[in-house]
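Dear colleague,

My notes on it follow directly after.

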Amino acid sequence: MPAERPSRFPGMWRILLQWVCVCICLPAQAQAALVVSSEDALTQLFGPYLVHETEEATDTRSREKRSTNSANVEVNSIRVVCTVATRFAHTVMTSRAQNKANSSQEVFFEVELPKTAFITNFSMEIDGKVYVGEVKEKEKAKEQYEKAVSSGQTAGLVKASGRKMEKFSVSVNIAASSNVTFILTYEELLQRKLGQYEILTRVNIEQPVQDFEILADIYEPQGITFVEATATFLTNELLPLLKKTVTDTKAHISFSPTVEQQKCSECDGTIINGDFIIKYDVKREKSLGEVQVVNGYFVHFFSPPDLARVPKNVVFVIDRSGSMQGTKILQTREAMTAILKDLHKEDHFAIILFDDKIVPWKDFLTKATAENVSEAIRYVSNLQDHGSTDINTAVLRAVKMLKRERKNERLPVRSADMIILLTDGMPNHGVSNTQDIQKNVKTAIGGRMSLFCLGFGNDVDYSFLDVMSKQNKGLARRIFVGSDAVVQLKGFYEEVSSPLLLEVKLRYPDSKVDFLTKNDHSQLFDGSEIVVAGRLNDNDMNNFVVEVHAQGPEEDFQVQEKASVANWQTMYPDKEYIFGDFTERLWAYLTIQQLLETSGISTQKEKDNMTAKALNMSLRYNFVTPLTSMVVTKPETEDGADSSFVADKLTEEQRQAAERRGGFSASPAAGRTVSGAISKRVQAKTFRSHGGRSRGSSGHSDVDGDPHFMIQLRNATDKYNALCFDINDKPGTIYNLVRDTKSGFVVNGQLIAKKKFVPNGKSNTYFGRFGITHQKLDVRLDVSTQEISVFHNGKQVTLLWSDTASLKETDLDLRLTDNCSLTVTLRHSVKFMIIRHTKVWKRRHDQQDYLGFYTLDCHHLSASVHGLLGQFYHGVPFETRDFRQGALENLDATMYVKGQTLNVTSHWQKDFSKDVKNGESIPCWFVGSDGTGLIDGTASDYIVSDLFETV
């Protein structure tokens with residue numbers, strides 16, 4: 001019988017043991033360069049207002065004062081209205097606010113929109129006067145942009161935000177007791193992927209809003225098969241507010257919670273924070289597809305039903321160079337295992353691994369039998385990283401293999417040949433000039449197969465892969481480093497794994513149409529759709545015959561039919577004002593996108609012509625594209641300064657460059673996004689480098705592993721936006737991690753050894769116990785790998801890591817979840833997470849329990865906070881220069897920090913705070929010798945004699 005334990009649940013404390021759904025509410029006022037947020041990587045906003053008092057500098061104001069003054073601006077209304085007419089979405093976002101102060105305030109409006117959308121209009125109405133954005137040629141807007149930058153203004157209104165979105169932001173000065181209304185309009189053609197269309201709206205309101213509403217109307221004359229609407233923030237209480245009405249050809253979705261329903265019961269803000277998602281599809285009863293005509297323009301949607309798939313012959317070309325080490329190689333193994341299992345028995349496949357050597361699994365393509373697939377899975381499960389990167393030879397080997405198999409008639413006559421290349425770096429062995437590689441590959445392929453390229457991570461030259469794919473009837477996709485990389489890889493494969501038709505040609509009467517968009521396509525994949533639009537020479541549709549020719553799996557696909565066009569006025573009476581010119585704008589949108597895509601693989605003369613056409617159309621239809629900018633002229637300030645701001649459209653290359661500079665996170669958002677919906681803007685004191693290439697400011701510090709310390713910097717401008725170091729000492733040594741003498745908050749950690757500890761040999765140590773004290777709040781926590789003891793106001797409770805518990809007191813909020821993570825919030829002080837890990841060595845039949853400590857919010861701690869972690873809570877200025885190639889493809893650099901000159905190396909560190917099971921790999925600059933030069937003093941200076949020592 002087990003020994004009795006002390007009472008774990010005294011009656012004086014209310015402990016709730018249950019499955020806990022935690023509403024994570026991160027700080028709204030941690031310092032950031034422009035936006036009030038905990039971490040720029042997580043800022044995903046709709047409609048927040050950030051307020052800056054214009055009378056005095058804010059540096060002298062207290063945080064409490066800033067928070068109080070932010071209430072001077074009241075947001076009255078936030079509305080999102082989306083109208084979809086045959087896949088073309090027109091979205092209007094409107095937000096209204098009032099300055100209730102007796103002094104002028106600068107209000108910041110931020111909104112996120114899909115990166116595939118074009119902004120078409122932006123306006124501000126201030127006390128009855130309207131200021132409208134004007135779309136101009138980018139070169140003509142450049143002068144205004146540079147003038148704004150030189151005067152210290154933030155001239156760029158659009159920034160990358162995550163993988164799918166762009167953030168539009170603008171600010172305006174409004175007088176006392178004045179009102180401002182912001183209206184942003186954007187349009188996009190919804191793409192059909194995996195059998196459905198998706199409308200994504202990102203919302204984040206920090207404080208409840210009196211009039212909050214999301215409305216969507218979908219008009220599809222072809223007929224609607226299903227409509228799904230959901231949101232990542234939906235609770236059981238909010239679910240009934242999501243209303244949906246669907247008829248045969250129309251759907252209406254609405255969501256409008258009241259002020260009370262928006263409130264978060266477990267945090268200070270609201271629960272309206274995340275993605276609002278609508279998915280739907282249409283009926284497909286005709287082989288010809290659907291043709292719509294409105295006001296002299298037509299659009300043809302082609303995706304016939306009940307087609308058999310065409311067998312494919314695919315060569316997987318997998319990068320296994322040294323840069324793929326760690327998480328990437330593990331995720332590649334896992335993804336390839338799933339992809340191989342998904343092969344159809346009619347398919348043929350091959351695998352080529354490459355670094356500076358080319359290693360095919362077999363010298364020929366193999367039929368995807370169960371036995372062959374199992375053998376291939378065993379092969380890829382042993383995938384190891386080493387060597388450099390020879391992309392040229394690897395792809396040419398794949399082309400040669402497919403050509404040889406075709407010549408020897410070992411592949412089905414009616415089948416699709418494709419190469420899927422996965423790489424994470426630049427070519428640095430063999431032919432390394434990217435233009436030479438593109439030329440070699442294009443010549444070798446000669447239009448006889450498709451090349452799909454996956455760029456893994458941020459070191460890859462995406463534009464190189466993008467052009468090479470488009471030159472060879474394929475496409476490229478970025479795979480972002482993160483815990484969901486396997487899902488991304490599998491998702492891309494699913495999109496291209498089932499070709500239905502090859503060499504699809506769509507034909508229309510020459511005498512009746514002109515200015516057609518692309519009407520020859522290499523393939524049609526299952527779950528996708530081909531869209532062709534054009535201008536009609538006359539409105540007589542009586543003899544409008546459409547022809548489609550393509551190659552099917554057994555015979556040619558041929559259809560020739562007279563187009564049947566729906567009468568929109570009859571089908572949707574009293575709705576003419578909605579549809580006006582949507583087919584013309586859809587045609588313009590599609591034409592501009594295709595011109596920009598094709599120009600990248602054309603001759604210089606062709607590129608110039610295409611660019612000129614795309615520019616003229618962008619200006620004519622008021623689209624913000626990569627060739628145009630929207631100039632927003634604000635009311636003049638009191639000093640009469642120029643206040644023109646510029647909104648641009650980002651290319652994928654610009655997004656990648658921003659990511660490398662730390663402009664946004666490639667990782668999937670976890671938990672609640674962070675922003676200040678109505679809050680005082682805080683100016684961060686960003687370190688200015690002189691001639692260097694990187695700098696860092698405020699961040700948070702963590703420790704995990706054996707033991708690895710990591711300082712994550714929110715405002716670092718290069719890829720390596722974190723600093724890391726290791727400290728190893730004897731088991732039993734106690735280190736001070738955090739010490740804030742003003743609040744009495746102290747964290748000490750004790751090292752433990754591996755179970756099989758060798759006294760005179762080298763052995764890893766871990767943190768196995770934390771002693772945490774907050775003197776002012778009378779809180780003490782003793783956290784070990786076995787249990788958690790909590791002492792507060794003379795009361796005590798003991799929990800096991802296997803428990804799921806919630807404890808909420810006035811000054812203390814504690815949550816323990818079944819995934820062995822403990823989250824603690826101490827009121828007006830600090831928020832942190834402790835994770836218990838269990839590391840298993842299967843071959844040694846051994847395992848080790850240890851702890852990790854993560855700081856989630858520390859902005860309330862005083863400027864004098866110190867300790868191995870605490871000294872970095874308010875940032876560390878540093879500068880890196882002299883970048884050079886290090887060992888094993890790592891990057892070395894010289895770092896200037898705290899008056900020291902250090903040699904540092906690019907490194908990867910695991911952060912488990914958002915993904916407790918798998919963790920997220922974070923790039924960092926590694927400082928050796930126990931962090932000497934980075935930490936104040938030496939590691940031994942932080943050793944204390946007792947786990948609860950507070951002095």
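This is a predicted model: local features need pLDDT of at least 70, side-chain atom pairs count only at pLDDT 80 or more; totals for chains, interfaces and linings use all residues.

Residues are numbered from 1 along each chain as its sequence is written, and side-chain values use heavy atoms, with hydrogens and water left out.

Strand E30 and its partners

Val513 and Leu536 belong to a pairing in which strand E28 (residues 513-514) and E30 run in the antiparallel sense over 2 bridges. Strands count as paired if DSSP finds at least two bridges between them. Helices (H or I, at least four residues) and strands (E, at least two) are DSSP runs, numbered from the N terminus. E30 also pairs with E19 in the antiparallel sense, over 6 bridges, and here Phe301 stands opposite Val531 of E30. Strand E30 (residues 530-536) is mostly covered, with 6 of its 7 residues buried; buried means under 20% relative accessible area, exposed over 50% and partly exposed in between (1.4 Å probe, protein chains only).

The chain as a whole

The chain contains 15 helices and 54 strands. Of its 951 residues, 57% are buried. Among contacts (heavy atoms within 4.5 Å) between residues at least 6 apart in sequence, 69% join residues at least 24 apart.

An open sheet

4 strands form an open sheet in the order E29-E27-E31-E32, with antiparallel pairing. Strand E29 (520-525) and strand E32 (556-562) are at the edges with a single partner strand each, so one side of each has no neighbour in the sheet. On average, neighbouring strands of this sheet are turned by 25 degrees against each other, direction ignored; axes are lines fitted to C-alpha atoms, for helices over the stretch in contact, and angles run from 0 to 180 degrees between N-to-C directions. Within the sheet, strand E27 (residues 499-507) and E29 pair in the antiparallel sense over 5 bridges. Val504 has His521 as its bridge partner in E29.

Aromatic pairs and charges over rings

The structure holds 30 aromatic pairs. Rings of Phe, Tyr and Trp (its six-membered ring) pair if their centres lie within 6.5 Å; planes under 30 degrees apart count as stacked, over 60 as edge-to-face and the rest as tilted. The ring centres of Phe88 and Tyr589 are 6.1 Å apart and the planes stand at 75 degrees, so this pair is edge-to-face. Phe88 in strand E4 (residues 88-99) and Tyr589 in helix H12 (residues 582-599) are 501 residues apart, and their pair links distant parts of the chain. Both Phe88 and Tyr589 are buried.

For Tyr297 and Trp587, the centres are 5.1 Å apart and the planes at 40 degrees, so the pair is tilted. This pair also links distant parts of the chain, with Tyr297 in strand E19 (residues 297-302) and Trp587 in helix H12, 290 residues apart. Tyr297 is buried, with a relative accessible area of 6%, and Trp587 is buried, also with 6%. Phe88, Phe118, Tyr297, Trp587, Tyr589, Tyr621 and Phe623 form one aromatic cluster.

Two charged side chains lie over rings. Lys328 lies over the face of Phe456, 5.9 Å from the ring centre, and the charged end of Arg780 sits over the ring of Phe791, 4.7 Å from its centre. The criterion is NZ of Lys or CZ of Arg within 6 Å of the ring centre and within 35 degrees of the ring normal.

Nonpolar cores

A nonpolar core is a set of buried Ala, Val, Leu, Ile, Met, Phe, Trp, Tyr and Cys residues joined through side-chain atoms within 4.5 Å. The largest has 61 residues, and those with the most contacts inside it are Phe122, Phe168 and Phe255. Strand E3 (residues 73-85) supplies the largest share of this core, 6 residues. A second, separate core of 58 residues includes Ile727, Trp801, Val824 and Leu902.

Two buried loop residues

Thr249 lies in the loop between strand E15 (242-246) and strand E16 (250-255) and is buried, with a relative accessible area of 14%. Leaving aside neighbours within four places in sequence, the contacts of Thr249 include Ile218, Tyr219, Met571 and Tyr572. Ser103, in the loop between E4 and strand E5 (105-114), is buried, with a relative accessible area of 14%.

Yours sincerely
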